[in-house]
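Take a look at the structure below. Keep the chain letters in view as you read, and follow the text one step at a time.

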Amino acid sequence: MPIPSETTYILNSFSFLIHGVLVMFMAAGFAMLEAGLVRTKNVATICLKNIALYSLAGVMFWLCGYNLMYLDVGGGFFGTLLPWAGDTSAVETADYSGEYTAHSDWFFQMVFVATTASIISGTIAERIKLWPFLLFVAVLAGFLYPIQGAWQWGGGWLAEMGFSDFAGSTIVHSAGGWAALAGAIIVGARKGKYNREGRINPIPGSSLPLATLGTFILWFGWFGFNGGSQLALGSAADATAISIIYANTNMAAAGGVLTVMALTQLIYKRVDLSMVLNGALAGLVSITAGPDTPQVWQAILIGGVGGIIVVFAVPLLDKLRIDDVVGAIPVHLCAGIWGTLAVPLTNPGAHLMTQLAGILAVGAFMFFASLIVWFIIDRLFGVRVSEEEEFEGMDKVELGLEAYPEFGQGSQKI
Amino acid sequence: MPIPSETTYILNSFSFLIHGVLVMFMAAGFAMLEAGLVRTKNVATICLKNIALYSLAGVMFWLCGYNLMYLDVGGGFFGTLLPWAGDTSAVETADYSGEYTAHSDWFFQMVFVATTASIISGTIAERIKLWPFLLFVAVLAGFLYPIQGAWQWGGGWLAEMGFSDFAGSTIVHSAGGWAALAGAIIVGARKGKYNREGRINPIPGSSLPLATLGTFILWFGWFGFNGGSQLALGSAADATAISIIYANTNMAAAGGVLTVMALTQLIYKRVDLSMVLNGALAGLVSITAGPDTPQVWQAILIGGVGGIIVVFAVPLLDKLRIDDVVGAIPVHLCAGIWGTLAVPLTNPGAHLMTQLAGILAVGAFMFFASLIVWFIIDRLFGVRVSEEEEFEGMDKVELGLEAYPEFGQGSQKI
Amino acid sequence: MPIPSETTYILNSFSFLIHGVLVMFMAAGFAMLEAGLVRTKNVATICLKNIALYSLAGVMFWLCGYNLMYLDVGGGFFGTLLPWAGDTSAVETADYSGEYTAHSDWFFQMVFVATTASIISGTIAERIKLWPFLLFVAVLAGFLYPIQGAWQWGGGWLAEMGFSDFAGSTIVHSAGGWAALAGAIIVGARKGKYNREGRINPIPGSSLPLATLGTFILWFGWFGFNGGSQLALGSAADATAISIIYANTNMAAAGGVLTVMALTQLIYKRVDLSMVLNGALAGLVSITAGPDTPQVWQAILIGGVGGIIVVFAVPLLDKLRIDDVVGAIPVHLCAGIWGTLAVPLTNPGAHLMTQLAGILAVGAFMFFASLIVWFIIDRLFGVRVSEEEEFEGMDKVELGLEAYPEFGQGSQKI
């Protein structure tokens with residue numbers, strides 16, 4: 001018996017809303033993860049960047065991103081450059097043929113764009129200037145993300161080709177990772193990270209409990225990220241799909257954690273907590289392209305391979321002297337590629353070559369477009385703080401305050 | 001086609017519950033915001049006050065507040081002074097004419113009263129004694145809040161007059177702000193905040209990442225605060241309204257963030273993180289009186305004006321030598337007034353003079369009633385710790401412990 | 001009018017999912033509570049243990065726990081030792097007679113097992129080795145918890161006898177508490193906690209705001225824990241039950257907070273924050289066995305008695321020289337017993353002697369089985385770090401890093 005269409009309409013919309021709120025909270029997760037992994041002297045700045053980028057990304061997505069991504073893409077490359085006209089006076093279709101409210105859909109898509117931006121702030125933390133960073137975020141949320149998003153989720157050419165990326169291992173995570181990589185190349189490594197003899201200096205973060213909290217918040221929010229991407233809750237089939245997605249999302253993260261623990265114990269004779277946190281996130285990123293088709297054991301393995309990738313990609317990046325403060329490139333870019341490639345393993349509707357084509361297309365576009373935007377911003381305003389500012393810390397120089405004024409480096413009685 | 005009434009009943013109740021849980025979590029947000037903005041020596045005390053006030057407010061609201069606010073108000077000034085008789089053996093109306101379960105409604109209203117109390121703890125932190133503070137909270141949650149709440153949400157005289165306050169810019173936020181202002185006047189400024197020559201000493205908080213976390217948690221919880229205030233989810237119209245509310249709530253906060261960033265950069269040549277956090281909250285408070293009628297761009301502007309208000313109200317309060325530790329008066333009182341006045345801009349059913357009348361009535365009642373209660377408590381027990389206690393910190397003196405025993409001011413090896 | 005069965009099916013499943021996500025987030029709550037209550041030198045290790053145990057418990061529950069607990073128990077002692085075959089290709093019963101999706105049920109049950117494991121990590125923190133601890137967690141999640149869970153929730157002999165434990169005061173909380181007690185006996189007290197003359201040295205935790213945050217997160221998650229245990233949302237009766245459960249869960253916690261505040265003020269002339277936090281948790285544990293039958297005032301009292309138990313059990317444990325770092329045994333074991341015994345007070349379907357029998361059966365099994373497992377692990381690998389390692393801190397020795405490298409004990413400029 002089909003359920004009444006008004007109930008379907010309500011349940012579909014409510015799924016967008018409640019799952020969207022979980023994704024919104026991921027902004028707090030990124031903020032805590034990054035605040036825990038930068039040094040004390042840059043903690044306030046990274047907090048500011050995170051709340052600013054979430055706000056700015058939402059406004060830009062309203063101003064041009066949403067319609068560029070979704071309005072009349074029609075198999076093509078992008079939609080229409082217009083602010084989203086979510087009209088509160090609009091009578092929504094009386095027969096519920098829209099399947100969900102316009103604002104619930106917009107809200108859910110809007111919180112996704114902030115995720116992409118959050119990925120970048122972690123990689124290039126501790127040396128990038130505030131306003132040039134936000135300028136990049138504006139371009140990203142208003143143009144770069146929506147254009148490649150239109151290719152797939154807007155019904156553009158990638159979707160027509162049969163590319164499969166359920167909740168965005170490629171469209172969100174590796175897209176953000178490519179932009180972060182371009183940024184890391186333009187802004188350069190932190191002073192002291194790599195010395196002339198090729199030695200790599202680990203720079204420990206200021207607070208591992210905050211980084212752990214951030215990881216748990218991201219894990220919590222990811223149920224909204226993947227579950228909401230079913231885009232409906234109004235039928236038994238939707239409920240079944242979302243249930244599978246929740247179980248697989250969790251188990252992929254667990255697989256990432258356990259694999260990294262085992263590997264770092266074997267290789268380094270010690271478990272590395274910050275690597276384990278990234279293992280959880282890599283597991284989550286890995287399952288995101290196809291959380292609805294694997295069985296539980298497959299989800300554990302897909303996440304576990306994500307963890308393996310992190311363990312090897314982190315030192316590899318260091319060898320390439322690409323300084324990624326929080327490990328966002330291994331987690332979001334590398335595991336995002338893996339997750340997208342893994343879809344055909346469990347989803348007969350996906351094909352490896354199409355997956356590869358999508359990865360390359362998104363990668364090439366996001367990397368080179370980001371590189372150009374970063375380059376222009378650098379030429380116009382400079383993206384990097386001065387050496388003295390970097391030594392003093394961004395908090396004192398850019399914000400004129402300290403994150404922990406009573407202890408830490410700047411300890412002084414008040 | 002109308003949906004079956006049992007489904008309506010379930011969805012309405014579930015909306016109260018899940019949105020109520022989000023509002024409950026705002027208690028954690030207030031606790032972290034305030035813990036981050038007080039000095040190390042008062043962190044444990046502010047944590048204790050926050051968990052205590054949340055608990056006490058709930059018990060008082062059960063003991064007398066709920067029925068005083070809702071039972072047989074009938075266009076008048078208050079309801080009935082009786083404990084809430086939420087009876088688990090009660091058969092709820094068999095035909096679902098109640099529209100939602102009694103307990104779900106009670107739960108949702110109960111979490112609101114704690115919010116009002118939380119506003120106060122931030123303003124008068126770092127010098128008010130624990131038990132006198134809690135005595136005020138008991139009076140507030142049991143009597144002051146419910147009485148003015150009855151005027152509007154209990155169907156009292158303000159509601160009859162046509163006052164419009166969707167989720168409580170006035171009834172919750174400015175009400176709490178007035179009580180906080182009265183408290184700040186009675187308890188006086190922290191020692192050292194203002195010196196004799198009129199100089200204002202900034203007193204930085206102990207942990208900006210915790211303050212940031214608290215702000216994100218409040219933002220997250222606000223979707224419950226405003227979304228749940230639709231009081232229903234059982235029809236397509238409700239789903240549409242809640243969707244609009246979610247989008248506008250988010251964008252008003254974003255507007256507050258971006259406005260404060262731009263303004264503090266222009267005025268002070270530096271972005272002020274704690275002001276930005278308050279900008280997000282001011283945006284949220286501003287939209288709370290009418291989140292269901294603005295279009296997205298209007299919500300951004302309404303929140304943005306809330307941010308402007310914070311930037312100017314914070315130094316103004318300091319000039320008046322009213323010491324508000326976390327900036328709760330600018331955020332909740334000032335932006336709450338603005339938000340209430342802004343309703344007629346987008347809601348043709350609201351009128352400026354009625355809004356003004358409601359603001360003044362609630363303001364006069366809450367301010368003077370609070371002033372009297374604070375005054376009586378002060379005479380009976382004293383509200384302020386001694387100078388030595390203030391210097392030593394509330395944690396050592398009132399609790400006999402430290403929030404961070406191994407570092408900070410009291411650093412000592414264990 | 002009965003609602004359509006597809007809607008029932010969706011709502012039941014969604015209740016499992018959304019409540020399960022809240023329970024999942026309790027892992028973050030335990031992590032923050034424990035990170036705040038251990039010393040700086042062990043903070044990173046406790047974070048690692050928490051994310052590791054959550055992951056491992058889920059995998060073990062999939063590998064053998066779930067079917068051991070639920071598959072063909074038939075009034076007996078345990079089910080079938082088989083991995084859970086949650087097959088994504090399985091067509092779920094076309095007539096919705098399953099009442100909810102298989103994966104949503106599995107997800108909800110899976111997050112419960114991690115809670116049991118989390119209880120243990122707090123008690124035996126600061127001196128137990130990482131891998132032996134995780135070995136115990138694997139046995140617990142894969143075998144010990146599921147076996148006694150099968151007795152009740154799997155439809156085994158305890159359920160047949162009429163034992164009543166709605167959401168697990170006994171099956172989850174005291175079960176975890178017994179395992180923790182056995183662990184504490186085998187691993188012994190922290191060096192310096194008890195000296196030869198019988199003096200007890202308090203060892204304050206590193207961060208009370210993190211402990212407060214953890215408590216609030218647990219409180220937040222508990223609505224999922226108890227609310228989801230109704231196992232359905234598809235009828236008005238379910239919605240009513242869940243509403244009562246939410247209200248009572250909250251008020252029991254509030255009762256615990258206020259009772260501990262009053263008692264510690266009376267006994268010690270000072271309110272003890274960490275005791276208050278445990279009071280909230282004890283209130284929550286106390287109501288968990290029967291949150292659906294008490295009236296609000298009864299819930300406050302049930303939680304309040306839980307708080308009283310904590311105030312007296314914490315010093316009693318110290319007298320017995322059982323070193324429980326976070327107070328998990330008073331909270332989860334002692335209040336769990338009380339909550340189970342309290343069920344007959346409000347639920348005529350429960351009987352004191354049956355409750356007692358269930359408590360004793362679960363207690364005897366969990367305590368002695370855990371003792372044996374801990375003993376074997378100790379003999380095989382040793383459970384305790386060396387004295388030097390304990391003095392240096394687990395973070396440096398086991399992980400080779402520090403939780404707060406720039407301040408605290410290991411403060412060093414970077």
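Start with how the copies meet. Only 18% of the interface residues of chain C are also interface residues in chain A, so the copies meet through different surfaces. Bear in mind that this is a predicted model.

Now turn to the symmetry. How many degrees of rotation superpose chain C on chain A? The rotation is 120 degrees, with 0.0 Å of shift along its axis, and the RMSD is 0.0 Å. That is the relation of a three-fold axis. Look for the axis from the side of chain C. The C-alpha of C:Phe407 is the one in chain C nearest the axis, at 4.0 Å from it.

Next, the contact between chain C and chain A. Chain C brings 65 residues to this contact, and chain A brings 64 residues. The size of an interface is often given as the accessible area lost when the parts come together. Here chain C and chain A bury about 5,200 Å² between them. Carbon and sulfur atoms account for 78% of that area. What about charge pairs? Between chain C and chain A the count of salt bridges is zero. Polar contacts do occur: six residue pairs across this interface, with both residues at pLDDT 80 or more.

Which helices of chain C build its side of the contact with chain A? Six elements each supply at least two residues: H1 (5-37), H2 (43-70), H3 (102-123), H4 (130-152), H7 (208-228) and H14 (394-399) of chain C. H1(C) gives the largest share, 18 residues. Sort the residues of this side by class, and you get 45 nonpolar, twelve polar and eight charged residues.

Move on to chain A and chain B. In this contact, 65 residues of chain A touch 64 residues of chain B. The two chains bury about 5,200 Å² between them, 78% of it on carbon and sulfur atoms. Which three residues of chain A supply more of its buried area than any other three? They are A:Ile51, A:Glu406 and A:Phe407. Together they supply 13% of the area that chain A buries against chain B. The interface of chain A and chain B has zero salt bridges. Polar contact links six residue pairs across it, both residues at pLDDT 80 or more.

The helices on this side of chain A can be listed too. Two or more residues come from each of H1 (5-37), H2 (43-70), H3 (102-123), H4 (130-152), H7 (208-227) and H14 (394-399) of chain A. H1(A) has the largest share of the side that touches chain B, with 18 residues. By class, that side divides into 45 nonpolar, twelve polar and eight charged residues.

Now zoom in on single residues. C:Ser207 sits in the loop between helix H6 (169-187) and H7 of chain C. Is C:Ser207 buried or exposed? With a relative accessibility of 2%, C:Ser207 counts as buried. Its contacts reach into another chain. Setting aside residues up to four places away in sequence, C:Ser207 touches B:Ala403 and B:Tyr404, along with C:Gly36 and C:Tyr404.

C:Gly255 belongs to helix H8 (residues 236-268) of chain C. With a relative accessible area of 4%, C:Gly255 is buried. What does C:Gly255 contact, apart from its neighbours within four places in sequence? The partners are C:Ile300, C:Gly303 and C:Gly304. For a sense of distance, compare C:Gly255 with C:Ile46. The two are 209 residues apart in sequence and 29 Å apart in space, C-alpha to C-alpha.

Finish with two loop residues of chain A. A:Glu126 lies in the loop between H3 and H4. A:Glu126 has a phi near 75 degrees, a positive value in a residue other than glycine. A:Lys269 is not a glycine either, and its phi is positive at about 65 degrees. A:Lys269 lies in the loop between helix H8 (236-268) and helix H9 (273-287). Which of the two is buried, and which is exposed? A:Glu126 counts as buried, at 2% relative accessibility. A:Lys269 counts as exposed, at 61% relative accessibility.

Conventions: Residues numbered from 1 in each chain as written. Chains lettered and ligands numbered in written order. Predicted model: local features only at pLDDT ≥ 70, side-chain atom pairs only at ≥ 80, totals over all residues. Heavy atoms only, no water. Contact = heavy atoms within 4.5 Å. Buried area = accessible area lost by both parts, 1.4 Å probe. Salt bridge = Lys/Arg side-chain N within 4 Å of Asp/Glu carboxyl O. Polar contact = N/O pair within 3.5 Å; in protein donor to acceptor, adjacent residues only side chain to side chain. Helix = DSSP H or I, 4+ residues; strand = E, 2+ residues; numbered from the N terminus. Nonpolar A, V, L, I, M, F, W, Y, C, P; charged D, E, K, R; others polar. Least-squares fit on C-alpha atoms with pLDDT ≥ 70 in both. Buried < 20%, exposed > 50% of the residue type's maximum accessible area, 1.4 Å probe, protein only.
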